[in-house]
Amino acid sequence: MLRPPVRERLAFREAGPGQGRRDHRPTAARTGRETSWFTKTFKVVADEFPVILQCNQTQAVYIRLIFGAMEESIEGAVMTTQFAAAEQTALVPESELPEPRKSIVDDFAGYRALRRRIADVQGNGQEVPFFQPRDGVSHSVIRRQEKSLISYSGYNYLGLSGHPAVTAAAKNAIDKYGTSASASRIVAGEIELHGELEQKLANFLGTEDALVFISGYLTNVSVISHLLARPDAVIYDSGAHNSIITGARLSGAKVFTYPNGDWDALDKLLTENRASFRRGLIVAEGVYSMDGQILDLKRAVEIKRKHDVLLMVDEAHSLGNVGATGRGVREASGLSADSIDVYMGTLSKTPASSGGYIAGDRGLIEYMRFLCPGLIFSVGLSPADTAAAMAALDILEREPHRPRRLRERARYFRKVARDNGLTVFGDEESPVASLIVGDDKLAMLLSQRLFDRGFDIQPIVRPAVSASTARLRFFLTANHTEEQIGETLPIVAQELEKLRRSAE
Ligand SMILES: Cc1ncc(COP(=O)(O)O)c(C=O)c1O
């Protein structure tokens, strides 16, 4: 997003080359008499994105870069991450694009950048490593393209997806209720299982009540945007998941960000800005999905109390995994249940299903149950998903050795990584470990080489992370054996070393 002062400086664009009308034509259709307007625009945008001044490209490309930035940042078109500016550097003149223009999105800067990147990967003789179908359940060994692979790409953390009791519960629910809730819950979509799952979640977390939604992503977007509004503020850190950022943006509240884990910076930010907003909500994650840090809940709670703001914790990757019995960061911290104001989590990871939830006090849940648009204007969670999540939570309650084993495996993984000279991000017991390789192409190439050697490890590249932090991300699970980990990491180290040498 452009900062507000830049938006104001670009206000002349409203009365730009179209004599008072907005000019929505593609850049190529605009004429030479518009040049001074372009120059003025260029100065403002270059000020915001100095990276474009360093590009060794023609002026025509600069102008394309300007419009890429403007289309995306001002008109809110395609790119929604904080890396949109860096993305612009990948733009090329349309004449150089490998395919003829044929889509309604050919003029979209984000689409042009995407096509260029796909062409680059294919030009290197590689397969695009995304949307590749696998066979069977996501376990520590999977099958893809007829190959058996040791996999670190799925977040079936405790191996509960594919567990016979979870599968049987989902099948029974389908037999009883069908495959769809067939209506929004507020009207005719409610089934008893919904209430039972919510009660189970609330009991498990120690809150008064809980509410389930049909997607984890939707839960954040809908709950955050419904809870806060214009005189309020949402405060999140540099590692925040896109669903948090989107919810904050849609709320219309002010947005403040701080570097992940920098509690002094958060404290300072709130000291300086607390008077400028009504309600404030800090949104943090139990385990960060990209870098794998585990939240220091004590610090977060200390700061939220000091500045009288609310705290929401997204436990997508910590529910079931962190804390002695998998009850998440609150259990690990030893704090009381009311330390967190809004518990949020997904049902798609450890609970082996799909969907999301919030948990908290009775009033919060009632408010959301009756008024949250993402709940009342959307179908109820499917019977199979509801029953699967309940059965998975049952197993988690009965078998605390599962989260324990996951934490042991995470520690073991990091030890073996160190023994092989690899530096991976994330806390010792975190189920998410990232090996930063620092370059999109290198990350994709390394993933491909490892695939050839029998490992499934996804590359994470722009725009999910910045180009300089492109990485391989490992989801560690209780199902991974020490042998599998011991087999994987020396080969990762060898292949990385080979690629680095060949790049020199
Ligand atoms: C931290 C975080 N929050 C929310 C979500 C969205 O959850 P879901 O994929 O279940 O919709 C994810 C997805 O992985 C996530 O990592």
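An open sheet of 7 strands runs in the order β3-β9-β8-β7-β6-β4-β5 with mixed pairing, where strands pair if DSSP finds at least two bridges between them, and strands (E, at least two residues) and helices (H or I, at least four) are DSSP runs numbered from the N terminus. This is a predicted model, in which local features need pLDDT of at least 70 and side-chain atom pairs count only at pLDDT 80 or more, while totals for chains, interfaces and linings use all residues. Residues are numbered from 1 along each chain as its sequence is written.

- The edge strands, each pairing on one side only, are β3 (209-213) and β5 (254-258).
- Strand β6 (residues 280-285) runs parallel to strand β7 (residues 310-314), to which 5 bridges join it, and Val-283 stands opposite Met-312 in β7.
- Helix α9 packs on the sheet, touching β3, β4 (233-237), β6, β7, β8 (342-346) and β9 (356-360), with contact meaning C-beta atoms, placed from the backbone, within 7 Å.

**Ligand shell**
- The ligand is surrounded by 14 residues, of which the closest are Gly-216, Ser-289, Ala-316, Thr-346 and Ser-348; a residue is near a molecule if its C-beta atom, placed from the backbone, lies within 6 Å of it.
- Helix α9 (residues 216-227) gives the most to this shell, with 3 residues.

**Helix pair**
- The axes of helix α18 (residues 440-452) and helix α19 (residues 482-503) come within 10 Å and cross at roughly 130°, the axes being lines fitted to C-alpha atoms over the stretch in contact and angles running from 0 to 180 degrees between N-to-C directions.
- The contact includes Leu-442 and Arg-449 of α18 and Ile-491 and Glu-495 of α19.

Definitions and conventions
Two residues are in contact if their C-beta atoms, placed from the backbone, lie within 7 Å.
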